[in-house]
Structure formats: C-alpha cells, structure tokens
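Subject: Handing over a structure, with notes

Dear colleague,

Here is the structure for your own work, with my notes on it following below. Please read them with the model open beside you.

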Amino acid sequence: MTNTVLTVSGETLLKMQDHYKDGIQSKVPQGGVFLAKTNGCTITAYKSGKVMFQGSNCETEISKWEGKSAVPKAAKKMPSNQHNLPSNFSSLAVIGSDEVGTGDYFGPMTVVASFVEPSQFELLKELGVKDSKELNDEEICKIAKKIISVVTYSLLVLHNEKYNDMQEKGYNMNKLKAILHNQAIRNMISKLEGKHFDAILIDQFTPPNLYFGYLKGTKEVIRDKVQFATKAEGIHLSVAVSSILARYSFLQQMDLLSEKAGMSLPKGAGAKVDQAAAKFIRAKGIEALRSFTKLHFANTEKALKIAKQ
C-alpha cells in the first residue's frame, strides 16, 4: 500500500469534501475532517490541511489535486515554473494544452493543444471563452461550436480499450497524460508550419521533472519553450480554449457511448456510476466494460457486486 500526503488550503479541503461526498465514511479519525473511499483509494483529510491518500490505486485521485492548491511531500522542494512566467505572458502567442476525462469511469481521456495569438483574444472573449470550471456542459458545447473554426488545435482521444491495454502494461494516469500532452503539442506545432509562437503552457498535473521522466523513451519530446502552471486556464486563453474543446469532445464521446450502450452513461465515478455500470453488466456482460470504462477504477468491483444482487 502506498501513502501520499498533500497539504491543501481550507478552500481546497472543502472542495475535496464535496467532491468525495458519495464515498464519505461514518468513522473519522481524531483531528479529521472526513474519510472517504473511492476508486480503490482511501482519502483521509485532517483539520491541519493534510490529506492522506492510501491504497494501490490512488494515482487518479492524487492527480486531481496535485499542484492545485496542494503540494505533494516529495515535490515540496521542486521550484514551480509558474513563478518563472513573464509578467506579460497572458499577452503572448501561446500553445496551451489541457486534458479531460481522467476522473470519469465511463468514457475516454481527451487532450487538446490549441494555439491562440493576441489578435484572437477579443474575439474569443466575445465568444465566451473563460475558465471552463465556470461553465456548465451546455455552455461549453455552445462555446466550443463557435470557436472550433476560429482556432488551430490538435485533439487526441484515448479510447477506453486502448487506455485499458496501456494501463495493464504499467502506464499510470500521469504517464498517459504526459504522453498525450506531448503528442498533442507535437501535432499542434506541425500544424503551425513554422509560424512563430512565444511559449507552450501545460496545465500542470505533476512536477516538471516527473513530466519529462514519464516521457523517457518517447521518440520526440517537446522541451523548448515548455512552461507549466497550475490553474493555467486563468493564465492564458489558449489553455482555456483547450479545456473547452477537450470537454466538448469528451461529451460527444459520452453521447456516442451512451447510444452504443443503449442507456445513458453518467459522468464521474460516484455511486450513480456504480449503479449504471451494474445495469450495463446485466445488459451487455462484464466483457463489454473494456470498451466503455476505465477498468482499474474501483467502480468495476462495486458494479459487479451490485449486478449479482
């Protein structure tokens, strides 16, 4: 069993408590705020701001909070590239990259890298582009349809069957993210055909040294001009655009999967997902899960138990 401790702000602690509400347990340790179980991971939050992740399958949960008002013990001494961004960064021509779908049981991972230059700023703002966390799915779809022909972007979709194959070969969530971000950025640079860009900004999900470590053995790793920052959607419009387009693609994929499954497939990884997965198993069989879900999530085991009832 692996243990990872993050230190988070009071605001983030409340967000975590709400996020894990479906898995919160009745017993809470002394000095604790909550104890929750999800996806093969036990999360224990303390009033001090310390949050412990325990289990052999916590990579997904840790990645949700790593670098987002949370500092892993192993990474505390790592300097953040976010502090090295120039003061005028938001006004530069930038390739921004973000991902969606990593915490969802049903559906794929989607990664988008987009290029946005200063001449597009006002138009994109008029079309509604901003931090996707401030938008609901309906708003995201409306905005995505407007900007999809305005910006140059590269979209990658890691479908569930391929995801499961790679996960079983030892690729953890952050390694898969790193590979997809690197490939999307490579594709984006190729589409620019030599056009100038000032920087590349990746919404940080792991410390930079680990990001490049995950890419060891990759044929072509993009390093030049690469910067990392948490909450990058609020730093440059290119990342906000990528987040919106990645979410839009994910929602489209979910609609296609729901149609193929003959039932509405819920997002996330909570109790409703367990029930839906159990219904899916009864209708399609356990083998069919491979093409619809991230099999290593704890939802698989929970759904099997429910389906046998």
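In which loop is the place of Lys 225? Lys 225 sits in the loop between α7 (208-214) and β10, where helices (H or I, at least four residues) and strands (E, at least two) are DSSP runs, numbered from the N terminus.

Before going further, please note that this is a predicted model, in which local features need pLDDT of at least 70 and side-chain atom pairs count only at pLDDT 80 or more, while totals for chains, interfaces and linings use all residues. Residues are numbered from 1 along each chain as its sequence is written, and side-chain values use heavy atoms, with hydrogens and water left out.

**Backbone and loops**

Most residues other than glycine have a negative phi. Lys 225, although not a glycine, has a positive phi of about 70°, and with a relative accessible area of 32% it is partly exposed (buried means under 20% relative accessible area, exposed over 50%, and partly exposed in between, with a 1.4 Å probe and protein chains only). Lys 231, in the loop between β10 and α8, also carries a positive phi, near 50°, and counts as exposed at 55% relative accessibility. In the loop between α6 and β9 lies Lys 195, which is partly exposed with a relative accessible area of 40% and, leaving aside neighbours within four places in sequence, is in contact with Phe 115 and Glu 117 (contact means heavy atoms within 4.5 Å).

**The five-stranded sheet**

Five strands form an open sheet with mixed pairing, in the order β8-β7-β6-β9-β10; two strands pair if DSSP finds at least two bridges between them. At the edges stand β8 (152-158) and β10 (226-229), each with a single partner strand, so that one side of each is left without a neighbour in the sheet. Neighbouring strands are turned by 20° against each other on average, direction ignored (axes are lines fitted to C-alpha atoms, for helices over the stretch in contact, and angles run from 0 to 180 degrees between N-to-C directions).

Strand β6 runs antiparallel to β7 (residues 109-116), to which seven bridges join it, and Gly 96 has Ser 114 in β7 as its bridge partner. Towards β9, β6 is joined by four bridges in the parallel sense, with Ile 202 of β9 as the bridge partner of Ser 97. Strands β9 and β10 are likewise parallel over four bridges, and here Ile 200 is partnered by Val 226 in β10.

How many of the five residues of β9 are buried? Five of the five are, so β9 is largely enclosed by the rest of the structure; Ala 199, Leu 201 and Asp 203 point one way from the strand, and Ile 200 and Ile 202 the other way.

Helix α6 (residues 173-192) lies across β6, β7, β8 and β9 (199-203), running at about 150° to β8. Val 111, found in strand β7, counts as buried at 0% relative accessibility, and its contacts, not counting residues up to four places away in sequence, include Ser 97, Leu 155, Leu 180 and Ala 184. Val 111 also lies 5.7 Å from Ala 246, C-alpha to C-alpha, although the two are 135 residues apart in sequence.

**The largest pocket**

The largest pocket holds about 1,700 Å³ of space. On a 1 Å grid over the protein atoms alone, a cavity is a set of points where a 1.4 Å probe fits but cannot get out, whereas a pocket is an open set with protein on both sides within 12 Å along at least five of seven lines, and lining residues have an atom within 4 Å of a point. Grid points are joined across faces, edges and corners, and a volume is the space filled by probe spheres set on the points.

The lining has 50 residues, and His 19, Lys 64, Trp 65, Lys 133 and Arg 247 lie nearest the centre of the pocket. Among the elements that give two or more residues to the lining are α1 (10-19), β2 (32-38), α8 (237-261) and α9 (271-284), and the largest share, five residues, comes from α1. The lining residues divide into nine nonpolar, 18 polar and 23 charged, where Ala, Val, Leu, Ile, Met, Phe, Trp, Tyr, Cys and Pro count as nonpolar, Asp, Glu, Lys and Arg as charged, and the others, Gly among them, as polar.

With best regards
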